[in-house]
Amino acid sequence: MPSISRKDTVVEVNGRNETHRIWTAVDACGNTNSQIQRIIVRDTIPPSFVVPADIMVDCGEINDLGVTGEPTMIMDNCDDDPEVTREDIFTTGSCESGGAVERVWRVTDQAGNGNEQTQVIREEGDTAPECISPDETVN
């Protein structure tokens, strides 16, 4: 009765992993034949993640990820550790007057597939509001 066996070797080719599977068949007389099968996984699916909720912070806390949060539930079908980056885009005001930042979170896997989501962070100003009343003339 012939027997068939296989041996897998994972190799990196052009920045992605390929599995080279060697199939070997041996017949009852001891004759062997081997063939190599190349298995290439093409990753076209971007990672997924949950963006932190929009938040109001005190002036100076905008860069404190312990306050503003970081993405959670980061998952990818091929990459166990996708890269997480962020970019802050100041949209209004300043810290002193109360402002807003759109924080764009990007998660990218080894294949270059990316997903981005935006978190809005509003800063409360340090300056107390100023009341202005109209001039009144009383006779």
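Me: Leaving aside its neighbours within four places in sequence, which residues is Thr24 in contact with?

Reply: Before the answer, note that this is a predicted model, in which local features need pLDDT of at least 70 and side-chain atom pairs count only at pLDDT 80 or more, while totals for chains, interfaces and linings use all residues. Residues are numbered from 1 along each chain as its sequence is written, and side-chain values use heavy atoms, with hydrogens and water left out. Contact means heavy atoms within 4.5 Å, and on that basis Thr24, with neighbours within four places in sequence set aside, touches Ser3, Ile4, Ser5, Asn33 and Ser34. Thr24 lies in strand β2, where strands (E, at least two residues) are DSSP runs numbered from the N terminus.

Me: With which side chain does the side chain of Thr24 make a polar contact?

Reply: A polar contact is a pair of N or O atoms within 3.5 Å; within protein, one must be able to donate a hydrogen and the other to accept it, and residues adjacent in sequence count only if both atoms are side-chain atoms. Here the partner is the side chain of Ser34, at 3.0 Å.

Me: What is the order of the strands in the open sheet of three strands?

Reply: Strands of a sheet pair through backbone hydrogen bonds, either parallel or antiparallel. Two strands are taken as paired if DSSP finds at least two bridges between them, and this sheet has the order β1-β2-β3 with antiparallel pairing. Because β1 and β3 (32-40) stand at the edges with a single partner strand each, one side of each is left without a neighbour in the sheet. Eleven bridges join β1 to β2, and nine join β2 to β3. His20 is the bridge partner of Thr9, and in β3 His20 is itself partnered by Arg38. Between β2 and β3 the hairpin has five residues, and Gly30 takes a positive phi near 90° there.

Me: Which strands are at the edges of the four-stranded sheet?

Reply: That open sheet runs β5-β9-β8-β7 with mixed pairing, and its edge strands are β5 (55-58) and β7 (83-92), each pairing on one side only. β7 and β8 (residues 99-108) pair in the antiparallel sense over nine bridges, with Phe90 opposite Val101 in β8.

Me: How many residues line the largest pocket, and which are the closest to its centre?

Reply: Rolling a probe the size of a water molecule over the atoms shows where empty space is left. On a 1 Å grid over the protein atoms alone, a pocket is an open set of points where a 1.4 Å probe fits, with protein on both sides within 12 Å along at least five of seven lines, and lining residues have an atom within 4 Å of a point. The largest pocket is lined by 15 residues, with Arg16, Asn17, Val41, Cys78 and Gln110 closest to its centre. β2 gives the most to this lining, with four residues.
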